[in-house]
Amino acid sequence: MSLINQLRDEMKVAMRAKDKCRLGVIRMAISAVKQAEIDHNLEATDENVIAILTKMVKQRKESIKMFTEGGRDELAAKEAEEVTALGFFLPQPLSSEEVSQLITKTIADTGAASMADMGKVMAVLKPLMQGKADLGAVSGQVRNTLNA
């Protein structure tokens, strides 16, 4: 089953369960997918949906940090609930060991030797790690590995 169909099915489940928070988050996710389809003239493939959901999770984590710093714990808790609801649809995150192994293997496979080759390495890693790891952190690890 495709991820967009899974979202639609879970929306029905949330409606029946009268889970307003989860229902709202799923509706936002479906809306974001539809908007991306229109804006970028793309089909809602699993990779595209994962990218959209990952972006939504990242936005909410930033909001949690800001709400916590501002003393708005009730809003931070609401955002945390949304992160949990969105996380249900994302693939299992990779462990730090798995990330390191993938980086090492990709650098060896691409023959990368310097920072000039970083784009080549990240182009291979991005589809493998989309939604499974923080690509910003992965980029930093690749940079450190190539500089060493």
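Modeller: Let us begin with Glu-82, which is buried at a relative accessible area of 5%. This is a predicted model, in which local features need pLDDT of at least 70 and side-chain atom pairs count only at pLDDT 80 or more, while totals for chains, interfaces and linings use all residues. Residues are numbered from 1 along each chain as its sequence is written, and side-chain values use heavy atoms, with hydrogens and water left out.

Colleague: Why is Glu-82 called buried?

Modeller: Buried means under 20% relative accessible area, exposed means over 50%, and partly exposed lies in between, with a 1.4 Å probe and protein chains only. Glu-82 has a value of 5%, so the word buried applies.

Colleague: What makes the contact between Glu-82 and Lys-78 a salt bridge?

Modeller: A salt bridge is a side-chain nitrogen of Lys or Arg within 4 Å of a carboxyl oxygen of Asp or Glu. The closest N and O atoms of Glu-82 and Lys-78 are 2.7 Å apart, and therefore the pair qualifies. Lys-78, at 41% relative accessibility, counts as partly exposed, and a network of salt bridges links Arg-60, Lys-78 and Glu-82.

Colleague: How do you know that Glu-82 and Lys-78 are separated by about one helical turn?

Modeller: They are four residues apart in helix 4, which covers residues 73-87. Helices are DSSP runs of H or I with at least four residues, strands are runs of E with at least two, and both are numbered from the N terminus. By that count the protein has seven helices and zero strands.

Colleague: What makes Lys-120 and Asp-117 a salt bridge, and which of these side chains is buried and which partly exposed?

Modeller: Their N to O distance is 3.8 Å, which is within the 4 Å limit, so this pair is a salt bridge as well. Asp-117 is buried, with a relative accessible area of 17%, whereas Lys-120 is partly exposed at 42%.

Colleague: And why are Glu-74 and Arg-72 both called partly exposed?

Modeller: Glu-74 has a relative accessible area of 48% and Arg-72 one of 40%, so each value falls in between the two cut-offs. These two residues also form a salt bridge, with the closest N and O atoms 2.8 Å apart.

Colleague: How many salt bridges does the structure hold, and what share of the residues counts as buried?

Modeller: The structure holds six salt bridges, and 32% of the 148 residues of the protein count as buried.
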